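Have the sequence and the model open while you read.

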Amino acid sequence: MDLIPKYAGSCSLGLFSILSLNVTFLGSLDRVDFEKIYKYAKKKSSLLASQNTMENSKRHDMTKGSIFKHLWRMALPVSVGLFFNTMYNVVDTFFLARESTESLAAISLSFPIFLGLIAVTEGISTAASALISYHVGKKDEAMLHKLSIQIFTFSLLTTFFLMCSGWYFTEPVFRFLGADGMYLHKALAYMNTILYGSAFFAFSSAINGILLAQGQPHPMRNVLVAGFFLNCFLDPWFLYGGFGLPAMGIRGIAYATLLSKSLGLVYLFWKAWIEHFIVRVKLKDYFPQWKILKQILTRSPSAHWLLSS
């Protein structure tokens, strides 16, 4: 029993020490900079999220290994995709030739403007892959995601430019080339419909640039190969009608192109999303940052002039 007062005294002394420490801590709270603590925690959480993104993504590290193997790995899918993209246009030409000579002449007249549209959108892809691959090599995830967002902003601005300039200049250009009557009417029907879907071309090229920078040429190849086979089915259906769909003539060929492009865009976005190349951000992050947009713009014209020529 004589041990009880001894242990009671020790417990009392311990409680007194704890209370003293608590009072000292509470008294120093007014000197703690909680804003700095919050910023530090936010920075650490952002860093951990970036590391998690890098671990979860299927990025192909092109900073290691044989250069020849990297070139072969990137070039072969791109070559296959471009072959099927060419065959895609051959399918359009084949069915329009069977429809009428005016339709064939109209789409032939539209090709220079159509290729100009492709050149502008491919410039986005070139700029995206050039800028983003640099920061992939530096492993700068924050700048990588910021560039990806601004690439989308640039694509949206490019879409507005293509639609407005296309609707304004297409008819004068066609008339300058000698088109009139039914020939001019069909050429405008095709090209104006394509211009409505400028966003599909611009955003597909943007996402393809992001994927290429990460060492992923296969998704765009898959889109172009699947688009060719889909076009073989959609072209005659939309051109001649059937299954409740009216015959749309040359405009149907344009609608078939836009449908296949829109499905390809959905696939590319899904592919980039599941591999963490595109992340969820706030709406304000899409506001134009002119310094970054200038970098994108300065890297785009080389592809524009190359493809246009």
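Contact here means heavy atoms within 4.5 Å. By that rule, and not counting residues up to four places away in sequence, Ser-155 touches Ile-124, Ala-202, Phe-203 and Ala-206. Ser-155 sits in helix α5, where helices are DSSP runs of H or I with at least four residues, numbered from the N terminus. It counts as buried because its relative accessibility is 0%; buried means under 20% relative accessible area, with a 1.4 Å probe and protein chains only.

This is a predicted model, so local features need pLDDT of at least 70 and side-chain atom pairs count only at pLDDT 80 or more, while totals for chains, interfaces and linings use all residues. Residues are numbered from 1 along each chain as its sequence is written, and side-chain values use heavy atoms, with hydrogens and water left out.

**The largest pocket**
- A pocket is an open set of points on a 1 Å grid over the protein atoms alone, with protein on both sides within 12 Å along at least five of seven lines; lining residues have an atom within 4 Å of a point.
- The largest pocket has a volume of about 920 Å³, a volume being the space filled by probe spheres set on the points, which are joined across faces, edges and corners.
- Its lining runs to 40 residues, and the closest to the centre are Leu-82, Asn-85, Glu-122, Met-220 and Leu-224.
- Helices α3 (67–99), α4 (101–138), α7 (198–213), α8 (218–240), α9 (250–274) and α11 (301–308) each put at least two residues into this lining, and α8 has the largest share, at nine.
- By class, the pocket lining has 21 nonpolar, 16 polar and three charged residues; Ala, Val, Leu, Ile, Met, Phe, Trp, Tyr, Cys and Pro count as nonpolar, Asp, Glu, Lys and Arg as charged, and the others, Gly among them, as polar.

**Closed cavities**
- A cavity is a set of grid points where a 1.4 Å probe fits but cannot get out, and there are two of 30 Å³ or more.
- The largest cavity holds about 50 Å³ of space, and its lining includes His-145, Ser-148, Phe-152, Phe-277 and Tyr-286.
- That lining has seven nonpolar residues, two polar and no charged.
- The second largest cavity, at about 40 Å³, is lined by Ser-204, Met-220, Val-223, Ser-260, Lys-261, Gly-264 and Leu-268.
- Helix α9 gives the most to the lining of the second largest cavity, with four residues.

**Nonpolar cores**
- A nonpolar core is a set of buried Ala, Val, Leu, Ile, Met, Phe, Trp, Tyr and Cys residues joined through side-chain atoms within 4.5 Å.
- The largest core has 30 residues, and Ile-132, Ile-207 and Ile-296 touch the most other members.
- Helix α7 gives the most to this core, with seven residues.
- Away from its neighbours within four places in sequence, Ile-207 is in contact with Phe-152, Leu-265, Leu-268, Phe-269 and Ala-272.
- Another core, apart from this one, has 28 residues, among them Leu-96, Leu-162, Tyr-190 and Ile-253.

**Helix α6**
- Helix α6 (residues 181–196) reaches 23 Å from its first C-alpha to its last, close to the 22 Å expected for its 16 residues; the expected span is 1.5 Å times one less than the number of residues.
- Its buried residues include Leu-184, Lys-186, Tyr-190 and Leu-195, and what covers the buried residues includes α3, α4, α5, α7 and α9.

Definitions and conventions: Buried < 20%, exposed > 50% of the residue type's maximum accessible area, 1.4 Å probe, protein only.
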